[in-house]
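This report concerns a multi-chain protein model. The sequence and structure are shown below.

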Amino acid sequence: MSEAIINLMSISMDEVRNVAQLARLELSESELMSFQTQLNSLLGHFEDIQNLDVTGLPAKPHAVAMQNVFAADKAHKSLNRDEALANSAETKAGLFIVPTIIEE
Amino acid sequence: MITQLTAAEIAEQLRTKKLSAREVTEAFLSRINSENEKYNAYLSVDKAGALAAADQAQTMLDAGNAPSLCGVPIAVKDNISTKGLKTTCASKILENYVPPFDASTTISLKNQGSIILGKTNLDEFAMGTTNENSAFGPVNNPWDPDRAPGGSSGGSAVAVSAELAPLSLGSDTGGSIRFPAALCGVVGFKPTYGRVSRYGLVAFASSLDQIGPFGKTVEDAALLAEAISGHDPLDSTSLPNAKINIANLKSGSMKGLKLGIPDELFGPEIDDQVREVFELAAENLVRQGAEVRRISLPSIKFGVTTYYIIAPAEASSNLARFDGVRFGPRIKADGHIETFMATRGELFGPEVKLRIMVGTYALSSGYYDAYYHRAQQVRGLMTTEFEKAYQDLDYIISPTSPIVAPQLGGITDQIALKALDLCTIPANMGGFPSISIPCGLAYDLPVGFQLTGPIMGDEKMLQDSFAIEQAFGRDYRRPPIL
């Protein structure tokens, strides 16, 4: 991959930090640096479709398009509470314990 | 030896009472016990569950009219939910996760009396090409233990290739069944998107993921495809006529079969010896009545880029659920967002983090149109090109993988690794059925022959693949080490 392309698409450390924050990933300084290099390398590779004329082409979000898949509005058997809670790191009195969101 | 039999042979001997379900199950459990350490193919083995299932299967067999795979053991990729049996996705974040429910495919297998032996190794969350991204160590290829089996369903491919199971299930998002099948010398089949339920498959890229079978032969893979396919109301992308019927499996023929080799999958990326083995196989099919032409599908060259935008974008969204609240350990930090970040930062492996970063970037404000939306447009273009080609051709053919199994740790360049998905990606983009059949050896290692066909062409593809396997004119080839 040419240096020119990498420079063109270059993503800064601040951007990497911002993406990590959006992605809810705590990364060390060395990880941030490594991801900066790898992201730039991948973005350089992605340059090939930037030069393609896609005017008027419809986007295809699905492998096989389907429409209006409805289910009957009917209650069916689901997990009981103990099963639903069984894999959680912290539970209390039949509830998931989550970190404090609103301080008193 | 029982473990050397094909699934079809085992099924036949169970029906004719030459073997019992317990005998078969014990034979595989015993082989796993002594051999799995060499391959690291299984992450967990369910001995008690398998033996109990064998006894139940025997009752069904004794009653007569049992389903075709009743009593036949199966290995299941560890991203397919199994109630009461750990499903780790080869990730630290799910290391102790025990699903409270079964995937629909798991239920189908249980209802039909199949026996789940255990859960197989994979690249973490199915993200990888060589199975080296597992948090629980790489898998060794039985053709050469210093080489990778391919990924991401490496454990499932090796389970069948090393005779640790007669059949296995994998999942295929950009080639994760067909690629390791090719590198391990077994058959791997990705059905049309929507023919096998994704309910209970831990989601990676939902618009591309599809569960499918591995077998030593086309017939074995077809038997398992039939067993797991069918409409499922729990998966809103499940097709209405999803059941794959293989009653006519053995009535295909080479005569008049029209095959196209795209120039874009036959360029310098393909190793010379792999190309030679593939060409000989194709010539063999021509001698037996098939017609092979060179064609061009120009958008294939954008496949890898398109895939590495769409799949991480979907993954970044799907993997948002792993935050230490409902499953997995929690790494505590000051606030709630800091806790999520610490948990995810600590417990996801490097490749998963990279893909979440790529996906988040591609979906973020200001870049969405340039990356994600544009990639979907190219996906549409690629699908249209394939659909047009199917107006004149039965299948697009190519080597499944540009190379034979690489040395473990042999490919360190991330782009080079990702480019190995070149031949397999288009089928996922269009939802097309696609199969890899062993067609010979290069450097004494297996080479896979891939066919990709039109939507819902699964039955014909399996039928034609059966005939093609016969035309290649050899019995199943075992790794010499066994």
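The model is predicted.

**Chain A**

Chain A contains four helices and two strands, arranged from the N terminus in the order α-α-α-α-β-β. Its radius of gyration is 23 Å, whereas a compact globule of 104 residues would have a value near 13 Å. Along the principal axes, the C-alpha atoms of chain A fill a box of roughly 60 × 45 × 25 Å. Buried residues make up 27% of the 104 in the chain. Among contacts in chain A with a separation of 6 or more, 41% join residues 24 or more positions apart. The chain exposes about 7300 Å², of which carbon and sulfur atoms supply 53%.

**Helix H8 of chain B**

Helix H8(B) covers residues 272-287, 16 residues in total. From its first C-alpha to its last it reaches 23 Å, close to the 22 Å expected at 1.5 Å a residue. At the start of the helix, a side-chain oxygen of Asp271(B) lies within 2.8 Å of the backbone nitrogen of Gln273(B). After the helix comes Gly289(B), with a positive phi near 110°.

Which residues of H8(B) are buried? They are Val274(B), Arg275(B), Val277(B), Phe278(B), Ala281(B), Ala282(B), Asn284(B) and Leu285(B). An α-helix has 3.6 residues a turn, so residues three or four places apart point the same way. The cover over the buried residues of H8(B) includes strands E7 (258-262), E8 (291-295), E9 (395-399), E10 (434-442) and E11 (445-452) of chain B, together with helix H15 (458-471) of that chain.

**Selected residues of chain B**

Gly49(B) belongs to helix H3 (residues 47-63) of chain B. Gly49(B) and Leu85(B) are 36 residues apart in sequence, and their C-alpha atoms are 9.2 Å apart in space.

How many disulfides are there over all chains? The count is zero.

| Residue | Relative accessible area | Class |
|---|---|---|
| Gly49(B) | 27% | partly exposed |
| Cys423(B) | 3% | buried |
| Cys439(B) | 12% | buried |

Cys423(B) counts as buried because its relative accessibility of 3% falls under the 20% cut-off.

Definitions and conventions. Residues numbered from 1 in each chain as written. Chains lettered and ligands numbered in written order. Predicted model: local features only at pLDDT ≥ 70, side-chain atom pairs only at ≥ 80, totals over all residues. Heavy atoms only, no water. Expected span 1.5 Å × (residues − 1). Buried < 20%, exposed > 50% of the residue type's maximum accessible area, 1.4 Å probe, protein only. Contact = heavy atoms within 4.5 Å. Polar contact = N/O pair within 3.5 Å; in protein donor to acceptor, adjacent residues only side chain to side chain. Rg over C-alpha atoms; globule rule 2.2 N^0.38 Å. Areas by Shrake-Rupley, 256 points an atom, 1.4 Å probe, with all protein chains shown as cover. Disulfide = S-S within 2.5 Å.
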